[in-house]
Amino acid sequence: MAQLPYTDPETADPVMKAVFEDTVKRFQMPLNIVSVMGNAPEIGSKMIQIYFDILQDGAIDWTTKELAILKSTKMGDCLYCVTQHEVVSERLGISPEKQADIVGLQYQVSPHYTDRERALLDLTGQVVLDPEQIDVETWANVRKHFNDAQIVELVATIGAYLQISKFGDAMGVELEPVFHGRPSVLFAKEPPKSAAAARHLEHHLAPAAHQ
Amino acid sequence: MAAVHLIEREEAEAGVADVFEAAERHFGQVPNLVRALANNPTLCRSITEFMIAGLAQAVSTGASKSS
């Protein structure tokens with residue numbers, strides 16, 4: 001259960017109303033996580049702007065950034081984020097087969113991934129696990145494929161999604177009903193490790209919960 | 001050593017000049033984090049504005065956020 005009330009897009013203040021409109025452009029619906037941010041429009045609108053800046057073509061195209069988002073949120077065991085971005089990724093052309101191969105180290109040998117994408121995912125994994133111990137080879141590979149503006153965008157994307165994962169899980173943000181019963185691609189490949197994610201999976205996504 | 005070049009104020013794109021000014025006003029100097037972010041002006045702006053808003057006193061006191 002969410003720790004704060006979901007604010008209503010219809011009655012939101014003008015700042016949050018604009019935020020909800022931008023959310024619908026990217027996710028095709030207002031999201032529960034944005035509704036929780038609506039309890040503090042000043043900070044919430046600044047927080048969500050970071051994600052709006054990420055979820056568009058920038059120094060790196062949006063589709064490529066989705067790979068870092070899927071990888072970092074899966075490693076962070078965030079069922080809410082993973083579910084949202086499985087849907088967004090597929091809309092952007094990342095097949096479920098490609099999504100599934102992002103789990104663990106499968107992407108390193110998967111035919112669905114390019115060397116550039118593998119370099120990005122190697123970096124993502126190391127940022128999540130231990131950002132102070134990223135090895136020289138990983139950085140060298142990243143630099144072969146990405147310039148400084150792109151590296152900032154990539155690492156900022158990973159960091160932002162670790163942040164939003166913890167925000168959503170701490171606030172108890174629930175998946176929107178439209179996702180209930182949807183089979184998880186990434187968590188089907190590797191079950192969640194945390195009790196919280198396992199609970200979400202059982203309560204919201206497992207088909208048995210909706211029979 | 002920083003993973004990316006730290007942008008000096010003089011070499012920063014015009015689009016982030018006001019972000020550098022806001023960061024300096026708020027933190028007393030332009031933090032290296034902001035200089036690293038300045039390689040990507042769009043995210044430099046949104047992340048710096050979020051940090052400044054988060055440390056503002058509108059919602060709760062600075063003391064309670066830093067303790």
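This is a predicted model: local features need pLDDT of at least 70, side-chain atom pairs count only at pLDDT 80 or more; totals for chains, interfaces and linings use all residues.
User: Which elements of chain A do the buried residues of helix 7 pack against?
Analyst: A residue is buried if 20 or more other C-beta atoms lie within 10 Å of its own, exposed if 12 or fewer, and partly exposed in between, with C-beta atoms placed from the backbone. In helix 7 of chain A the buried residues are A:Ala119, A:Leu120, A:Leu121, A:Asp122, A:Leu123, A:Thr124, A:Gly125 and A:Val127. Their packing partners in chain A are helix 4 (62-75), helix 8 (136-145) and helix 9.

User: Which residues are in contact with A:Ala119, leaving aside its neighbours within four places in sequence?
Analyst: A:Ala119 sits in helix 7 of chain A, and it counts as buried because 22 other C-beta atoms lie within 10 Å. Two residues are in contact if their C-beta atoms, placed from the backbone, lie within 7 Å. Beyond the sequence neighbours, the contacts of A:Ala119 are A:Asn141, A:Val142, A:Lys144 and A:His145.

User: Is A:Val178 buried or exposed?
Analyst: A:Val178 belongs to the loop between helix 9 and helix 10 (186-189) of chain A. A:Met29 is 149 residues away from A:Val178 in sequence, with 9.9 Å from C-alpha to C-alpha. Because A:Val178 has 10 C-beta neighbours inside 10 Å, it counts as exposed.

User: Within what arc do the buried residues of helix 1 of chain A fall, seen down its axis?
Analyst: Helix 1 (residues 14-27) of chain A has 14 residues and reaches 20 Å from first C-alpha to last, close to the 20 Å expected. Its buried residues are A:Met16, A:Val19, A:Phe20 and A:Thr23, and they pack against helix 2 and helix 3 of chain A. The arc is that of the directions from the helix axis to the C-beta atoms. The buried residues of helix 1 of chain A line one face of the helix, because they fall within an arc of 100°.

User: Which exposed residues does the face of helix 1 of chain A turned away from its buried side carry?
Analyst: Just after this helix, A:Gln28 takes a positive phi of about 65°. On the face of helix 1 turned away from the buried side, the exposed residues are A:Pro14, A:Ala18, A:Glu21 and A:Lys25.

User: How many residues does the contact take from domain 1 of chain A and from domain 2 of chain A?
Analyst: Chain A is divided into domain 1 (9-54) and domain 2 (62-210), with bounds from an automatic or database domain assignment. Their C-alpha centres lie 22 Å apart. The contact takes 13 residues from domain 2 of chain A, and from domain 1 of chain A nine residues.

User: Which residues have the most contacts inside the largest nonpolar core?
Analyst: A nonpolar core is a set of buried Ala, Val, Leu, Ile, Met, Phe, Trp, Tyr and Cys residues joined through C-beta atoms within 7 Å. The largest has 62 residues, and helix 9 (residues 148-171) of chain A gives it the largest share, nine residues. Each of domain 1 and domain 2 of chain A supplies at least three residues to this core. The residues with the most contacts inside it are A:Leu154, B:Leu37 and B:Cys44.

User: Which element gives the largest share of the side of chain B that touches chain A?
Analyst: Chain B has four helices and zero strands, and 17 of its residues are in contact with 17 residues of chain A. Helix 2 (32-37) and helix 3 (41-54) of chain B are the elements that give two or more residues to this side. With eight residues, the largest share comes from helix 3 of chain B.

Terms used. Residues are numbered from 1 along each chain as its sequence is written. Chains are lettered from A and ligands numbered from 1 in the order in which they are written. The expected span of a helix is 1.5 Å times one less than its number of residues.
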